[in-house]
Amino acid sequence: MDQRIINLFDEYTHKPLTRKEFMEQLIKLTGGLALAMTALSVLDPGYAEAATVEESDKDLVIEDVTWPGDASTMKGYLARPKGRKKRGAVVVIHENRGLTPHIKDVTRRVAKAGYLALGVDALSPFGGTPANEDEGRTLIGKLDAQQNLGNYLRALNYLRSRPDSNGKTGCVGFCWGGALANQLAVHDSQLNAAVAYYGMQPKAEDVPMIKAAVMLHYGGLDERVNAGAAAYEAALKAAHVSYEQFIYEGANHAFNNDSSPARYNAEAAKLAWDRTLRLFKEKLS
């Protein structure tokens, strides 16, 4: 697909453009409404086709859970392996559309790898993630940033308090969630591992607060997010934070999201996921 179309979609999904403006520009790039709709079908999520771990997986226990948030009851999607073994726990942080079927699938993938996995619904203060993704993006922008951070910090404490937890915690986030994974690393001194996929970076002056091992995944074509990568890496080095940074050449923003075929990069996604699980094994087992 024309990279200009992918860049336009990225601009739209991060809210500088309205749906109307996006479609008008997409039609201009593709040359007509029919071709624009064809391109959109490749860009928009196809959740059913992309699921890799089914909810009916015989090795997993899946449940909806709640815990007290900063100003509301928080909802989450918990997946865990069957059995009584105490396990490391991972908070899975969604993109800027809420707790979508794709992120629930990622949560199941983490559980399938042997961990307690909690997909937090950041939109719980509004009743939960809506089916309409445009509405989800709008609601994300209405969240109180400090309350939202507090809700995720409480999610980590909730996992540590569970009898099936070994007390070690990590997080993995994507896009909006990648930025939040970096913030959790800054603000939770008990966090053992933080993995950020194409997430905006924290302020350099906050980096010395990080105690967790940090892993950063960037798509080589993602100029918007990558603009802050060098400064973040310099701050991590200066603060002697344990970190790994990977740039996947030829990969776009959201390269891990296999429900969006135009941006999904299977090779980069597999390599990044293998590296993510290796860090979790080292720090959470």
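Colleague: Which residue does Glu63 form a salt bridge with?

Modeller: Keep in mind that this is a predicted model. Glu63 pairs with Arg80, and their closest N and O atoms are 3.6 Å apart. Glu63 sits in strand β1 and Arg80 in strand β2, so the pair ties together parts that are 17 residues apart in sequence.

Colleague: How many salt bridges are there in the whole structure?

Modeller: A search turns up 19. One of them joins Arg278 and Glu282, with the closest N and O atoms 3.8 Å apart.

Colleague: And where do Arg278 and Glu282 lie?

Modeller: Both are in helix α11, 4 residues apart, which is about one turn of the helix. Arg278 has 31% relative accessibility, so it counts as partly exposed. Glu282, at 49%, counts as partly exposed too. There's also a network: Glu55, Asp105, Arg108, Arg109 and Asp258 are joined by salt bridges that share partners.

Colleague: Changing topic, what's the phi of Tyr198?

Modeller: It's near 40°, a positive value in a residue other than glycine. Tyr198 lies in the loop between β6 and β7.

Colleague: Is Tyr198 buried or exposed?

Modeller: Buried, because its relative accessibility is 1% and the cut-off for buried is under 20%.

Colleague: OK, and what about the phi of Ala254?

Modeller: That one is near 70°, again positive in a residue other than glycine. Ala254 is in the loop between β8 and α11, and at 2% relative accessibility Ala254 counts as buried.

Methods. Residues numbered from 1 in each chain as written. Predicted model: local features only at pLDDT ≥ 70, side-chain atom pairs only at ≥ 80, totals over all residues. Heavy atoms only, no water. Helix = DSSP H or I, 4+ residues; strand = E, 2+ residues; numbered from the N terminus. Buried < 20%, exposed > 50% of the residue type's maximum accessible area, 1.4 Å probe, protein only. Salt bridge = Lys/Arg side-chain N within 4 Å of Asp/Glu carboxyl O.
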